Amino acid sequence: MEDIILNFRRELTFSGGGKISKGALSIPRIVFLPEKKQWGCHWSISFIKPEPTQYICGDDPLQALTRTLHAVSALLQNSGIPDLRVWWKTEGDNGGLPVMPL
């Protein structure tokens with residue numbers, strides 16, 4: 001099965017420790033993982049998980065993508081990095097993703 005190239009990228013603002021920086025949420029591709037018999041959605045978030053080497057699995061590409069968006073939303077709510085705030089358009093918008101129950 002062929003990779004699905006998405007190249008989704010959303011510019012985000014990161015604030016913590018008195019500094020404001022620009023970065024991005026990236027979802028470059030979804031790949032079929034034969035050993036797992038599932039699809040894996042690669043993703044990264046600047047300053048939190050900057051390399052897209054990790055993936056979130058699903059039974060099909062859409063499930064992999066929706067699970068990734070849910071996981072990223074939860075991570076933006078609670079990154080584990082003290083004082084870190086992340087937004088897309090306005091402060092507090094959770095990177096433009098729906099707020100997920102934690």
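User: In this predicted model, which residue in strand 6 stands opposite serine 15?

Analyst: Strand 1 covers residues 4-16, and strand 6 covers residues 85-87. These two strands run antiparallel and are joined by 3 bridges. The residue facing serine 15 across this pairing is arginine 85.

User: Is isoleucine 27 buried or exposed?

Analyst: Isoleucine 27 lies in strand 2, residues 19-33. Beyond its neighbours within four places in sequence, isoleucine 27 is in contact with residues including Leu6, Phe8, Trp43, Leu65 and Leu69. Its relative accessible area is 4%. The cut-off is under 20%, so isoleucine 27 is classed as buried.

User: Which element gives the most to the largest nonpolar core?

Analyst: The largest nonpolar core has 18 residues, and Leu25, Ile27 and Val72 are among those with the most contacts inside it. Strand 1, strand 2, strand 3 (38-42) and helix 1 (61-77) each supply at least two residues. With 4 residues, the element that gives the most is helix 1.

User: What separates the C-alpha atoms of isoleucine 27 and aspartate 59?

Analyst: Isoleucine 27 belongs to strand 2. Aspartate 59 is 32 residues apart from isoleucine 27 along the chain. The separation of their C-alpha atoms is 18 Å.

How values were computed: Residues numbered from 1 in each chain as written. Predicted model: local features only at pLDDT ≥ 70, side-chain atom pairs only at ≥ 80, totals over all residues. Heavy atoms only, no water. Buried < 20%, exposed > 50% of the residue type's maximum accessible area, 1.4 Å probe, protein only. Contact = heavy atoms within 4.5 Å. Pairing = 2+ DSSP bridges. Core = buried A, V, L, I, M, F, W, Y, C linked by side-chain atoms within 4.5 Å.
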